[in-house]
Amino acid sequence: MELENLYPQKVFHYFSEISKIPRGSKREKKISDFLVNFAKKRNLEVIQDKALNVLIKKEATKGYENFSPLILQGHMDMVWEKNKNTDFDFENCGIELAVKDGFLTANGTTLGADNGIAVAIALAILDSDDIAHPALEVILTTDEEEGMTGVNNLDFSLFSGKALINLDTEEYGQVYVSSAGGARIENEFNLIKKDCENDDTVFSIEVKGLDGGHSGAEIHLGLGNSNKILNEVLYHLNKRYFMELIDFDGGEKTNAIPREAICHISVKLDEPGHRLEELANLAFKNILTDFGVIDKNPVLEIKKMNNVKNFKKISTADTNRVLSFFHEFPNGVISMSKDIENLVETSINLGVIKSEEISNQLRIKIQSLPRSSVNHSLEKLIEEIKELCKKYDAKMKVSAPYPSWEYRKDSKIRELMINSFKKINNSEPEIKAIHAGLECGIFDANMDVDITSIGPNIYGAHTPEERMEISSVGKTWDLLLTVLKDYNIK
């Protein structure tokens, strides 16, 4: 789809171009090479490192030669999510863009505005000769969405800029000045399976119809977590019925609140007119109320399965162990900040549960993402999960830790951003901290650099409902160009 009639034309042109290139996390070779070729065609200095990060440098325009270079930063990878009924090959197809009611969206998949819009804005600036600016160091990183391995492998000695503007914020009119740190947690159960018996009844139980959302920025909104909800239904049924677990699968991305989850259970029904479906639906309703779930159309679907002999189950003891582990596993908001109003300080998302049958074993793999703007609170949460794993004999691995981006009391780039915003809007922006993992924290930990973050309005990131407000892209562009024109940091 051509977007040439939208403002700013060059930004939407490049967004359309990069949307044609598959660029999922850990699959960025094509988009990384595209960026290198873009720079070479324009005789710009470019460096592509082993992690496929791309650094492009452009000299200052006349009158800005004596100022410190400005670093512009975003990430080139995107989350690949699609609706269940959408037939789409992310590996080989470009995103199908659509304009609807003032928004840019995609057909049944994630849009990739997070953070493709940063790439598009950067390319539009680099490709322009009529924009006043200091020397630019444009760094577009890889794998931000699945561990930040790109930025963690950067050579920070390549930069000489003292100020950095991150373009990964999703709310126009808000200037971000701090972000949470986090890590990836992987847990695993390996359980013996046995054949189902003749007097077993097998059911599939599925939670679906949830909205999903960003596991950091939207963790406090009351969006239902399908993994947690489904387990709580099973936890309640397990008190009434002799029940054994067959499998459990839910969620696709650690950094997305899971929208769907499904399991199979084997049950000994002690009465012809059993009330399992009735009790499951009652538990489901009560759980939604207890969790304060705001999703409009949550669904619990229960089906009786045929051919019981086709299924294998784990023991009652192992079923109790797994369900109790998930029951006690923390999820959602753990604590709110005492310093910044309405800011989530610490949280965790039980993002992915996957079952795999290997010979006579059931392997259950669990992925979760803890976050905190306070490093010792993050460490405490991880320690609590370690203790939970000891209690229920589950394996645990912690990987891809990243630090928080701490607020600076004195910030020249924040002051410049505020003044430029006031100049074009006759009002002040909202200064905010975000409960999500921005790469700013890693730059802050490795460089003496003054950082701020801005971006257009993006809703539903990490879900097929992702959409970007077209007018806010123009406003973000105007703000950034004003900052470049007013730039005076030495």
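1. A salt bridge is taken here as a side-chain nitrogen of Lys or Arg within 4 Å of a carboxyl oxygen of Asp or Glu. The model is predicted. In this model Lys268 and Glu197 form such a bridge, with their closest N and O atoms 2.5 Å apart. Lys268 belongs to strand β14 (residues 261–268), while Glu197 sits in the loop between β9 (181–195) and β10 (201–208), so the contact ties together parts that are 71 residues apart in sequence. Glu197 is partly exposed, at 35% relative accessibility.

2. Salt bridges with shared partners connect Lys194, Glu197, Asp199, Asp200, Glu244, Lys268 and Lys313 in one network. The structure as a whole holds 31 salt bridges.

3. Two further salt bridges involve neighbouring positions in the chain, Lys26 and Arg27. Lys26 pairs with Asp143, the closest N and O atoms being 2.8 Å apart. Lys26 is in the loop between α1 (9–19) and α2 (29–41), and Asp143 is in the loop between β6 (136–141) and α4 (149–152); this pair links distant parts of the chain, 117 residues apart. Asp143 is buried, with a relative accessible area of 1%.

4. Arg27 pairs with Glu91, and here the closest N and O atoms are 2.6 Å apart. Because Arg27 lies in the loop between α1 and α2 and Glu91 in the loop between β3 (70–75) and β4 (97–100), the bridge ties together parts that are 64 residues apart in sequence. Arg27 counts as partly exposed, at 40% relative accessibility, and Glu91 is also partly exposed, with a relative accessible area of 38%.

5. Turning to the rings, the structure holds 14 aromatic pairs. One of them is Phe103 with Tyr459, an edge-to-face pair at 6.0 Å centre to centre and 65° between the planes. Phe103 is in strand β5 (residues 103–106) and Tyr459 in strand β23 (residues 458–459), 356 residues apart, and the pair links these distant parts of the chain. Phe103 counts as buried at 19% relative accessibility, whereas Tyr459 is partly exposed at 35%. Since the cut-off for buried is under 20% relative accessible area, the 19% of Phe103 falls on the buried side.

6. Tyr172 and Phe421 form a tilted pair, 5.7 Å centre to centre with 40° between the planes. Tyr172 lies in the loop between β7 (163–166) and β8 (174–179), Phe421 lies in helix α9 (residues 412–425), and the two are 249 residues apart. Tyr172 is buried at 16% relative accessibility, and Phe421 is buried at 5%.

7. Phe189, Phe248, Phe325, Phe326, Phe329 and Tyr392 make up one aromatic cluster. Arg467 lies over the face of Phe103, at 5.0 Å from the ring centre. Arg240 lies over the face of Tyr241, at 4.7 Å from the ring centre.

8. Which cysteine sulfur is closest to that of Cys196? The closest one is in Cys263, at 13 Å, which is too far for a bond. A disulfide needs the two sulfur atoms within 2.5 Å, and the count comes to zero disulfides. Cys196 is buried, with a relative accessible area of 1%. Cys440 also counts as buried, at 0% relative accessibility.

Conventions. Residues are numbered from 1 along each chain as its sequence is written. This is a predicted model: local features need pLDDT of at least 70, side-chain atom pairs count only at pLDDT 80 or more; totals for chains, interfaces and linings use all residues. Side-chain values use heavy atoms; hydrogens and water are left out. Buried means under 20% relative accessible area, exposed over 50%, partly exposed in between (1.4 Å probe, protein chains only). Helices (H or I, at least four residues) and strands (E, at least two) are DSSP runs, numbered from the N terminus. Rings of Phe, Tyr and Trp (its six-membered ring) pair if their centres lie within 6.5 Å; planes under 30 degrees apart count as stacked, over 60 as edge-to-face and the rest as tilted. A charge sits over a ring if NZ of Lys or CZ of Arg is within 6 Å of the ring centre and within 35 degrees of the ring normal.
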